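Me: Could you walk me through this model, one question at a time? I'd like the cut-offs along the way.

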Amino acid sequence: MTESQSENARRIVQELALRFTSNQPEYETSGYLESQLRTDFIDELFKVLGWDLTNKRGLARLRREVLVEKGDTKGRPDYSFRINGEDRFFVEAKAPSKGTDKPEDIFQAKRYGWNTRKVNVVVLTDFKSFKVFDTTLKPDLMQPRLGLLFELELTRLEPSDFEKLWLFSKESVVTGSLDVLSSKDPSAKRLRIPV
């Protein structure tokens with residue numbers, strides 16, 4: 001990443017965080033829906049990380065960089081981030097009023113990666129929290145923190161935290177940044193069967 005790309009992205013993420021914290025009580029009400037959070041913050045976050053969420057290149061559905069699910073996404077992640085038509089990581093969003101600590105929500109997010117057998121990293125976020133999980137480990141509802149690689153608080157992002165967030169930039173994913181995050185335990189891959 002060049003210094004200007006990094007600084008520009010960091011500045012925009014800080015602006016998003018400031019916008020969120022300045023209206024946080026409103027965003028944490030049950031009236032502020034997940035779909036609105038996605039539009040207001042999560043889409044903007046990943047755009048600054050270099051992803052084409054709106055398909056500006058006009059690619060066919062399965063060749064797009066990002067598949068964004070609309071409406072009922074039961075059984076599918078909210079976002080599939082792709083390189084050359086192959087899923088690289090998933091993002092599951094939750095409304096800020098719901099948070100990201102419920103075991104069933106963590107299980108849901110991890111299950112998406114586990115079931116594909118190709119995606120080893122999944123993000124669960126409500127914009128405040130950005131939790132990254134290794135999905136090479138079988139999801140266990142009773143052990144929700146199993147496989148938690150790291151958690152960032154986007155509203156209080158430190159410089160070292162931004163470097164972790166940058167692992168999810170398109171530029172970094174293309175060069176294999178996510179490959180170093182998943183489990184190195186060879187037995188984990190052998191055990192991957194659909195939940």
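Me: How far apart are the closest N and O atoms in the salt bridge of Arg156 with Glu153?
Reply: This is a predicted model, in which local features need pLDDT of at least 70 and side-chain atom pairs count only at pLDDT 80 or more, while totals for chains, interfaces and linings use all residues. Residues are numbered from 1 along each chain as its sequence is written, and side-chain values use heavy atoms, leaving out hydrogens and water. A salt bridge is a side-chain nitrogen of Lys or Arg within 4 Å of a carboxyl oxygen of Asp or Glu. For Arg156 and Glu153, the closest N and O atoms have a separation of 3.7 Å.

Me: Which residues do salt bridges that share partners join into one network?
Reply: By the rule above, the count of salt bridges comes to 18. Some of them share partners, and the one network they make joins Glu92, Lys94, Lys98 and Asp105.

Me: What is the N to O distance where the side chains of Asp179 and Arg88 meet?
Reply: Asp179 is partly exposed at a relative accessible area of 43%, and Arg88 is partly exposed at 23%. Their side chains meet in a salt bridge, with an N to O distance of 2.9 Å.

Me: How many residues apart are Asp179 and Arg88?
Reply: Helices (H or I, at least four residues) and strands (E, at least two) are DSSP runs, numbered from the N terminus. Asp179 sits in the loop between helix 6 (170–174) and helix 7 (186–190), whereas Arg88 belongs to strand 3. The pair thus links distant parts of the chain, at a separation in residues of 91.

Me: Which helix holds both Lys47 and Glu44?
Reply: Their side chains meet in a salt bridge at 3.4 Å, N to O. Lys47 counts as partly exposed at 38% relative accessibility, and Glu44 does too at 31%. The two lie three residues apart, about one turn, in helix 3.

Me: In what order do the six strands form the open sheet?
Reply: Two strands pair if DSSP finds at least two bridges between them. The pairing in this open sheet is mixed, and the six strands take the order 1-2-3-4-5-6.

Me: Why is one side of strand 1 and of strand 6 left without a neighbour in the sheet?
Reply: Strand 1 (66–68) and strand 6 (148–153) stand at the edges of the sheet. One side of each is left without a neighbour because each has a single partner strand.

Me: Which residue in the turn of the hairpin has a positive phi?
Reply: Strand 2 (residues 79–83) and strand 3 (residues 86–93) pair in the antiparallel sense over five bridges, with Ser80 opposite Phe90. These strands form a hairpin with two residues between them. The residue in the turn with a positive phi, about 50°, is Asn84.

Me: Which residue in strand 4 is the bridge partner of Ala93?
Reply: Strand 3 and strand 4 pair in the parallel sense over four bridges. In strand 4, the bridge partner of Ala93 is Thr125.

Me: At about what angle does helix 4 run to strand 3?
Reply: Axes are lines fitted to C-alpha atoms, for helices over the stretch in contact (heavy atoms within 4.5 Å), and angles run from 0 to 180 degrees between N-to-C directions. Helix 3 (residues 34–48) runs at about 135° to strand 3 and lies across strands including strand 1 and strand 2. Helix 4 (residues 103–116) lies across strand 3, strand 4 and strand 5, and its angle to strand 3 is about 170°.

Me: How much of the protein counts as buried?
Reply: The protein has seven helices and six strands, running α-α-α-β-β-β-α-β-β-β-α-α-α from the N terminus. Among contacts between residues at least 6 apart in sequence, 57% join residues at least 24 apart. Of the 195 residues, the part that counts as buried is 49%.

Conventions: Buried < 20%, exposed > 50% of the residue type's maximum accessible area, 1.4 Å probe, protein only.
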